[in-house]
Structures are given as C-alpha cells and as structure tokens.
Amino acid sequence: MREPGLLKPAVLWLLLLAPLFFSTYGFATWVTSQRSDVGTLVFGWETHMPFWAWTIVPYWSIDLLYGFSLLLPNTRHELKQHALRLLSAQVIAVSCFLIWPLRFTFERPELDGVFGWLFAVLAGFDKPFNQAPSLHIALLVILWVMYQRHTQGLWRWLVHGWFALIGISVLTTYQHHFIDLPTGALAGWLCVWLWPVEHPSPLLNARLTRDSKRWRLGLRYGLGALALAVLAFSLGGGWLWLLWPAVSLGLIKVNYLVLGASGFQKRTDGRLTPAARWLCAPYLAGAWINSRLWTRKHPQPDLIVDNVWLGRIPSAKEQDSFNAIVDLCAELPINPQGRAYQSIPVLDLIAPTPTECQQAAEAIERLRSSGPVLVCCALGYSRSASAVAAWLLHSGRAATVDQALAIIRTARAHVVLHPAHRQALEGLPHAR
C-alpha cells in the first residue's frame, strides 16, 4: 500500500536535487577547464567504438527517468533512501572530478537535424571533462534499482532493456571512455549500499570496535586492499580491474573495524542485498572457494543429537536432507528454497556474542519442530559450533560448557573453538 501525501516531499526533493545537480556539475566542469594538468585514460580498442547518433535519445532520457523516479516510492522511508542515493552519487562523482579530472579525447562528427540539436544542447553544459566515475552510470545504477523494484512482467523487461541501452549510449555518443563505466557503476552501487531500503543504513551501526581480533583481521584486509590498489595504478591497463577487489577488501576492512556483520546486509531470506553482492563480489568468490577447499575432505554435515546437524553452508543439493536451517554466516549467501530459515549473521573468525548464542539456541529449539535442522556457517567449525553448544546448554542436554563441547567434538572432531567462543558460552544464563 502506498502511503498518502508522498507527492509533496517528492517534489521538494526534486527542487533540491535538480539545481544541485546542474550547479555542482557545472562548477566541477569550470574548475577543471581552468587546469592544465587534466589527463586522459583511454584503451586502444576504444578507437573502434562506433558513433551512433540515435543513442543520444536514450542518453537524454535519464533526465526524465531521474525526475519520475521520485514519484515511484511507496513510503517516505523509501523516498528518503532513494533521494539520499541520488545526492550521494552527486557528492562522490563531483569530488572525484575535482580531485582526479580526466578528459574525453574523441571528436564527434558534425550532425544536423533532431540528433544534432540534442547534441548541441548537451554540449552547452556538458564539456569533455568530468569523466570518471561517470555520474551518468552512477545515476543509472540507482535509477535501475528503483524502477525494477516497481515494475513487473513485461514492464520490467522493458525497463531492463532501456536501461541497458542507456548504459551503452555513454560510449556510442562519445561522452565517456570505458574507464568511466565500471567506476561509475561502483559509485552507484556504493550509494545503494549506503542507503538500503530493507536494512538500516550501515552508517547508523558505525561503531569503532574494541575487539583486538577484529582490528587484526580488519588491518589485514586493509593491507590487501592497499596492495591491490598499488598494483592496479602501477601496472595500468587491464590491471585496473584490480581496483574492484581492492574496493571489495576495503569494504570488508570497514565491516571488521566499524560496521560489523550488518555491513554484509544479509537479508532474512538468506541472500545479500544486490549492492553488497556487487561491491563484495571478489571477496565473496574467494570466501566461497575457501569454504569449499577447507571442507573438501569432510563436506558432509554431522549429526550432533536429536536431529540437529552441524556443517558448512550448504549448496542447494546439500539442503535436501533438512527441513530447517540456522545460519551463522554473515558473508556468504544461501537460498533456503522455502525451508524454515533463521539468519544470525556473525563475522568470519569472530566468536558470537552471548546474545547471538542465545538467539541461535532459541532458533534451533524452535525449528526442531519442522524436522532435521542444519546449523551452519562457512566451514561449520566455529560460529555454528558455538550455536549448537549454546543450544545444548539452553535445552538442558548439556549441564556445563565442557560437556556441551565434548558432545560436539565427539560428533565433529575438527571444530575450532577458541577462548572467545568459550567466554561467549559462559555468558549464557544456563552455562556453568
């Protein structure tokens, strides 16, 4: 159901964003035009890029889609998040234009008619500066997310087709070089991640951790991000793709140092938000491969007691034996395929808190009525083992922490529980 009275705030947001867009973009263009050190970043293959005059139509259409997008949200919260995404994209892109300006180098052919007029109007305020990240692409990502959220069936396919055409048009109208596209997409997804609709903004959960282990892990990811960035800029060319994993590891560092598990934006259905998936994709691929390598000799889950099983995060086929899943993994998505499911996301290599252990114990006990329950994390050796130990204590199947750990190790010998895990279990009401 659509909340009443959304037209007025939508118009007010447009009256704020539209002048801000043109003024800040124009200011960045003017500042850059005064500089003599504006560089270029062009790949050789781009000289073969065709010029299609007609694609100026989809290129221009983003302006209309921008304005109408503010009429789509069904709630004030969704409207505010969408507007903040648009505003953030403007701030990020203009800041980059001022700090690291680039210039477009290709000459367009002379045109007349309607297409010529559209290009002439565009040239009136859009000079060959302000390249990476492409603000056009950043806004495209944000608008694409909004429009596909509010369309279904054939309309959704039309939205996907038209927005894909807009993305191509930034090249075929000779407005941008290729480097502007992935950097623009990265900026757009960052804005969507910063202002999610389904979750609170990660900025609201920003607290600098005091956990020394989180600091150590965060700094390692930070060093990895720095090393990849240095390689990307030092080697150039195709090596610039290393900036994607660099950004990915940088976000993981932020999760460990500041945001916690909520930075992964794992939803109640087991999936990560699209923004988190795109931004963290290189890390997620590595984490998935790592989980499979570590468990390749023992991929199957183990029965602990009374139809409660402990194992790694399962593939679709590995879920067949279970009616319910309790998931302690923050970083890897899962599709429970309609099964009873509870997500209690915890950072990798970090012990759950007593509160998270208690939540997991209660979830396991509640879901046991559905049938066999799989308790999982990336490997099924630490976070999920803590959850099962908490359930053994909570349900009275173990009288002490030592007894709970002994039951688990008897069934799954290679569990890894450090003093921090034990400390969390000792903080439970029924622990001794």
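Predicted model: local features only at pLDDT ≥ 70, side-chain atom pairs only at ≥ 80, totals over all residues.
## A buried threonine

Let's start with a cut-off: a residue counts as buried when its relative accessible area is under 20%. You'll find Thr 295 in the loop between α11 and β1.

What is Thr 295 in contact with, leaving aside its neighbours within four places in sequence? The list is Arg 312, Leu 379 and Tyr 381. With one of these, Arg 312, there is also a polar contact: the side chains of Thr 295 and Arg 312 are joined at 2.7 Å.

Now zoom out. Let's look at how domain 2 and domain 3 meet.

On the domain 2 side, 22 residues are in contact with 25 residues of domain 3. Between them, the two domains bury about 1,800 Å², and 61% of that is on carbon and sulfur atoms.

## Where domain 2 meets domain 3

What holds charged groups together across this boundary? Two salt bridges are counted between domain 2 and domain 3. Elsewhere in the list of salt bridges, the side chains of Glu 318 and Arg 292 meet with N and O 3.3 Å apart. As for polar contacts, nine residue pairs are counted between domain 2 and domain 3, with both residues at pLDDT 80 or more.

Which helices build the side of domain 2 that touches domain 3? At least two residues each come from α8 (212-235), α9 (243-259) and α11 (281-294). The biggest giver is α11, with seven residues. Sort the residues on this side of domain 2 by type and you get nine nonpolar, six polar and seven charged.

## Salt bridges along the chain

The count comes to 18 salt bridges. One of them pairs Arg 35 with Asp 37, whose closest N and O atoms are 2.9 Å apart. Arg 35 has 31% relative accessibility, so it counts as partly exposed.

Another salt bridge brings together the side chains of Glu 198 and Arg 149, at 3.8 Å from N to O. Glu 198 sits in the loop between α7 (180-194) and α8, while Arg 149 is in helix α5 (residues 135-149), so this pair ties together parts that are 49 residues apart in sequence. Are these two buried or partly exposed? Glu 198 is partly exposed, with a relative accessible area of 44%, and Arg 149 is partly exposed too, at 37%.

Next up are Arg 412 and Asp 302, which form a salt bridge with their closest N and O atoms 2.7 Å apart. Arg 412 lies in the loop between α14 (401-411) and α15, and Asp 302 lies in strand β1 (residues 302-305), so the pair ties together parts that are 110 residues apart in sequence. Arg 412 counts as buried because its relative accessibility is 3%. Asp 302 is buried as well, with a relative accessible area of 11%.

Arg 397 has another partner: a polar contact of 2.9 Å joins its side chain to that of Ser 395. Ser 395 lies in the loop between α13 (383-394) and α14. With a relative accessible area of 26%, Ser 395 is partly exposed. Along the chain, Ser 395 and Ala 361 are 34 residues apart, but their C-alpha atoms are separated by 8.1 Å.

## Across the model

Finally, go to Glu 426, which is in helix α15 (residues 419-426). At 44% relative accessibility, Glu 426 counts as partly exposed. How far apart in space are Glu 426 and Glu 107? The answer is 70 Å from C-alpha to C-alpha, for two residues that are 319 residues apart in sequence.

Terms used. Residues numbered from 1 in each chain as written. Heavy atoms only, no water. Contact = heavy atoms within 4.5 Å. Buried area = accessible area lost by both parts, 1.4 Å probe. Salt bridge = Lys/Arg side-chain N within 4 Å of Asp/Glu carboxyl O. Polar contact = N/O pair within 3.5 Å; in protein donor to acceptor, adjacent residues only side chain to side chain. Helix = DSSP H or I, 4+ residues; strand = E, 2+ residues; numbered from the N terminus. Nonpolar A, V, L, I, M, F, W, Y, C, P; charged D, E, K, R; others polar. Buried < 20%, exposed > 50% of the residue type's maximum accessible area, 1.4 Å probe, protein only.
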